[in-house]
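Please prepare a short report on the strand pairing and the aromatic contacts of the structure shown below.

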Amino acid sequence: MEQANPLRPDGESKGGVLAHLERLENQMSRSRKQSEEPQSVQAQERVLGTKIQKLRHLRDDLKAAVRHRRGSVKACIANVEPNRTVEVNEQEALEEKLENVKAVLQAYHFTGLSGKLTSRGVCVCINTAFEGNLLDSYFVDLVIQKPLRIHHHSVPVFIPLEEIAAKYLQTNIQHFLFSLCEYLNAYSGRKYQADRLQSDFAALLTGPLQRNPLCNLLSFTYKLDPGGQSFPFCARLLYKDLTATLPTDVTVTCQGGEALSTSWEEQRASHETLFCTKPLHQVFASFARREKLDMSLVS
Amino acid sequence: MDETVAEFIKRTILKIPLNELTTILKAWDFLSENQLQTVNFRQRKESVVQHLIHLCEEKRASLNDAALLDIIYTQFHQHQKVWDVFQMSKGPGEDVDLFDMKQFKNSFKKILQRALKNVTVSFRETEENAVWIRIAWGTQYTKPNQYKPTYVVYYSQTPYAFKSSSTLRRNTPLLGQALTIASKHHQIVKMDLRSRYLDSLKAIVFKQYNQTFETHNSTTPLQERSLGLDINMDSRIIHENIVEKERVQRITQETFGDYPQPQLEFAQYKLETKFKSDLNGSILAEREEPLRCLIKFSSPHLLEALKSLAPAALFSRIQKLLCYSASHSQGTQDLSSYVPLYTRC
């Protein structure tokens, strides 16, 4: 049986009851929330709090580690630095040694005869020189086999390499090399003299210099005073000894052909002697000096 | 100016391609700069030629000048001719060679002119101690034929001369004689060497084909050439291949070297060999007399072709073949002594 509310009518009491129930429900949920919130908030707070503490710990650890590292690195540097300088010194010393060895090997060029071992034998380098001027280099690549043979070379074709090899290569290799050196140095020297004459004293020549590949026959006409009235001289130099840089036969004639005065004859004879005894370009240098001297005396 | 000379100059200039004309005319040095400047080289070729002939007439060109122009044209177009190689020799104990160019030229000309009244001889010296000689041949009764000359390139103070192959064979002995006497040698022999490329012949005969030498200064590291292997292949196969390929490459390098090979177009070998057979009682193997054959290799550039055979793995077969031919061959001794393959066998 429903108990009627004496104060409200049924409809109102229903609304009233339900509404009341609703209000109570709301209250309850609200109060539950309120009671939960501080709980969750507290839980969250607790969680965050622990996190903060962990991070703080981590930070402190890292800071400590950094300090420690710095300290140890400083200690290391203090220990290591003397070692590193030692390494650098060793390297410098090695480099210096290498440079020295390279320089010595290059200096061998100045001895005129040097060589390098190859896989087959040896590659000999002949550096020619004349009067202290280093001239061309020539190579002979030898294969060390029985019989000893020349693999390839850069010797000019008019040097009698085959002849020298036929005579000495198999029996006395030293003699072979020295003989070849002689020929090549003499050839270089003759070539140097002819080149110098053509380049430095062209003013004194009245015609082109005739020469041959071995530079062992030179023929030219020259005047002592280029602008002057004197007759030009004709010179013909023969170098029959291929191992020499001075001619074996010299003929100087006067182009005029007429009977020469004694002074000209003396000059001609003296020139012949000069060409026989001094290198060609030096003779012409003395001509040029004399010419300058004469000019200065005249003026 | 003689009509024949004018015609000769005209035909020579007509042969010259327009782009080379100024270079060759400058080398000829017969027409002056001023004269050359008056010529319009952009005209049609016939007009240019006409103008040039006119200038030559003004300057009175002689047969010698015309011959010189011909020499210069041939020097620029060396490859159009085939060159033979001649080797001279002196007697034992000869004096030192005091070569005098003037004397040589006079002597050479005199010998030819004494034998054949009608002959035109012209000379042109070059920088490498060589003299180019042009000979136009006539007979006792006919004038020299300027259109079929013979060229000789002689390197003074060496035993070698190169002669252009010509159809007029009958004058070769006389030419040989003139050359030998004028250069103070005793004998002349034709070598079994022939090519269009004078430079290559020179390199072979003067032994100048390999001019790289090991010195302490040159620190060229061994170049690692790519062997062209397929990296997708099984690495075990690659390893086996590498060993073999390296061996082949090493042998090729030792034989041919690193330098550019002289250009030869063919090599011919006479081969005498006995036939080997596995089967007993083969007819060919039972022959008493050896088989005689002629083997000819030809190529636009024979030595480079042989050099590239090795990487193509045909090397061992060729080597065997050439080994036989080297030991049994009777011809072309000079070539076989040059090509290093053969001396190694």
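Which residues point one way from β4(B), and which the other way? B:Thr150, B:Val152 and B:Tyr154 point one way, B:Tyr151, B:Val153 and B:Tyr155 the other, and all are buried, where buried means under 20% relative accessible area with a 1.4 Å probe and protein chains only. Because six of the six residues of strand β4 (residues 150–155) of chain B are buried, β4(B) is largely enclosed by the rest of the structure; strands are DSSP runs of E with at least two residues, and helices are runs of H or I with at least four, numbered from the N terminus.

This is a predicted model, in which local features need pLDDT of at least 70 and side-chain atom pairs count only at pLDDT 80 or more, while totals for chains, interfaces and linings use all residues. Residues are numbered from 1 along each chain as its sequence is written, and side-chain values use heavy atoms, with hydrogens and water left out.

Strand β3 (residues 130–137) of chain B runs antiparallel to β4(B) and is joined to it by six bridges, pairing requiring at least two DSSP bridges. With four residues between them, β4(B) and β5(B) form a hairpin.

The structure holds 26 aromatic pairs over all chains, counted when ring centres of Phe, Tyr or Trp (its six-membered ring) lie within 6.5 Å, with planes under 30 degrees apart stacked, over 60 edge-to-face and the rest tilted. Two edge-to-face pairs are tabulated here.

| Pair | Centre to centre | Between the planes |
|---|---|---|
| A:Phe220 and A:Phe275 | 5.9 Å | 80 degrees |
| A:Phe284 and A:Phe287 | 5.3 Å | 70 degrees |

Note on methods
Chains lettered and ligands numbered in written order. Buried < 20%, exposed > 50% of the residue type's maximum accessible area, 1.4 Å probe, protein only.
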